[in-house]
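Please walk through the following structure with an eye on how its residues are placed and what surrounds them. The explanation starts from a single residue and then moves on to other parts of the chain.

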Amino acid sequence: MTAMMGLLALSGCGSSGSSQAQVGGVQNVRLMVWAPSEDQSKDSGQWLQKCCEAFAEQHPEYNIHFVYGVADEATAATQVAQDPEASADVFMFANDNLTVLTDAKAAAKFGGIYEEQIMSTNSQTVTDSVRADGYLYGVPFTTNTWYMYYDKSVFSEEDVKNLDTMLEKGVVSFPFTNSWYLPSFYVGNGCTLFEDGTVEEAGVDFAGEKAEVVTDYLIDLMNHPNFVVDADGSGIAGLRDGSIHAMFTGSWDAASIKEILGENMGVTSLPTYTLNGEEKQMMAYAGSKAIGVNATSDHMVAAVQLAVYLGSAEAQKLHYDLRNVVPCNTELLQDPSISSDMLVMAQNDTFDRTSILQPFVSAMANCWTPVENMGKGIRNKTVTHENSKEQTQAMNDAMNSNGIS
């Protein structure tokens, strides 16, 4: 889920070279803004530039010079944390990077009327995703999770409620060796991460029988003739050539899947799976993407106002229209033309019903590799029914270790 980050504008930053001049009651303001390239390209409608221009029109008290840079949500927080004074005033980040920002004291806190505005237009679950130590550090603009796409000519709406039923009807692809996806089976059977995701000292509980039986289920799943591992784009390729009929991913692949399946594209929240005769609900990691403000910005008020605007209903509607970014603004979600979109329904249903908030405590960094290794071990047949108990315990131990002590 990460990508390399490029900076189009390396000169200037949130705290250097910013003019403080004020002429005739109008303040000169220089704001550097970072966003993914897709939000700035002409082919995608230049969402960022259009929003910044609209913001400037709404704030005649500022004479704003915008400096645009390219940074994706997965890596912007690291760049800001490493050198806040050489970074953007306003940037977009994935909420699981929040502690990177707070540990470096690089993110501004939203309070007062700005916090009230953010809280009044988002669900508490969404705002909790950008809150740490009681403070709000971002303006959410979309939820971030994954769900299921399927071919409606192969599966009925009833079929897609249960993964094992689907495997009787068609071929299902799943990112088995991706540790953002595989925990969905373990969490579905009662395994936990840092209790509710925020209690770091509680650790991870992927141990005991509740986890062992999931590992055994996954071994059988890997051996099912109608199950294939999705890796390196093979899921999309399989949909295209007809060799698979369902895959798990997020909104970022919606356009490609729609192009392939057309009217046969179905989208839904996660199915259940049948474990020893009982249905268990798969549970995805969920979070948000948000607009953050550099704590070192020379123009803090203007930067915060811009961040709030970029996460507003108006800006989210444009984001949805231009790039199909699913909104999270509660007022916007009441719009029938948006709420009836099956992609919006699937993403928000997954976020609200079949997911857990992805932990962003520091120790979460210890969890990714052990789960990835479990998926690879099952795929490579080094994890078997004969050693699944020991291998599951080893995964749990590694998730609770920093690799040093």
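Cys367 is buried, with a relative accessible area of 1%, where buried means under 20% relative accessible area, exposed means over 50% and partly exposed covers what lies in between, computed with a 1.4 Å probe on protein chains only. The model is a predicted one, in which local features need pLDDT of at least 70 and side-chain atom pairs count only at pLDDT 80 or more, while totals for chains, interfaces and linings use all residues. Residues are numbered from 1 along each chain as its sequence is written, and side-chain values use heavy atoms, with hydrogens and water left out.

Cys367 sits in the loop between strand E18 (355–357) and H16; helices (H or I, at least four residues) and strands (E, at least two) are DSSP runs, numbered from the N terminus. When residues up to four places away in sequence are not counted, Cys367 touches Leu193, Phe194, Val204 and Met399, contact being defined as heavy atoms within 4.5 Å.

Ser173 belongs to strand E9 (residues 172–174), and, with its neighbours within four places in sequence left aside, Ser173 is in contact with Val228, Val229, Asp230, Gly235, Ile244, Ala246, Met247 and Phe248. Val326, by contrast, lies in the loop between helix H13 (313–323) and helix H14 (336–339). Leaving aside its neighbours within four places in sequence, Val326 has contacts with Phe141, Thr142, Thr143, Ser251, Leu343, Val344, Gln347 and Asn348. The C-alpha atom of Val326 is separated by 26 Å from that of Gln79, a residue 247 places apart from Val326 along the chain.

The loop between H13 and H14 also holds Asn324, which has a positive phi of about 65° although it is not a glycine. At 30% relative accessibility, Asn324 counts as partly exposed. A positive phi, near 65°, is likewise found in Lys381, again a residue other than glycine. Lys381 is located in the loop between helix H16 (368–379) and helix H17 (388–399), and with 52% relative accessibility Lys381 counts as exposed.

From single residues we turn to the packing of helices. Two packed helices are described by the angle between their axes and the distance between the axes. Helix H4 (residues 112–120) and helix H12 (residues 300–310) pack at an angle of about 10°, and their axes are 11 Å apart; axes here are lines fitted to C-alpha atoms, for helices over the stretch in contact, and angles run from 0 to 180 degrees between N-to-C directions. That angle makes H4 roughly parallel to H12, since angles under 35 degrees count as roughly parallel, over 145 as roughly antiparallel, 65 to 115 as roughly perpendicular and the rest as oblique. On the side of H4 the contact is made by Tyr114, Gln117 and Ile118, and on the side of H12 by Val301, Val304, Gln305 and Val308. By class, the contact of H4 with H12 has 5 nonpolar, 2 polar and no charged residues, with Ala, Val, Leu, Ile, Met, Phe, Trp, Tyr, Cys and Pro counted as nonpolar, Asp, Glu, Lys and Arg as charged, and the others, Gly among them, as polar.

What, finally, lines the second largest pocket, and which residues are the closest to its centre? Of the 23 residues that line this pocket, the closest to its centre are Thr99, Arg131, Ala132, Asp133 and Phe360. Helix H3 (98–103), helix H5 (124–128), strand E5 (131–132) and helix H8 (194–197) each supply at least two residues of the lining, and H3 gives the most, with 3 residues. The lining divides into 7 nonpolar, 8 polar and 8 charged residues. Helix H3 also contains Thr102, which at 18% relative accessibility counts as buried. Not counting residues up to four places away in sequence, Thr102 touches Ala132 and Tyr137.

Note on methods:
On a 1 Å grid over the protein atoms alone, a cavity is a set of points where a 1.4 Å probe fits but cannot get out, and a pocket is an open set with protein on both sides within 12 Å along at least five of seven lines; lining residues have an atom within 4 Å of a point.
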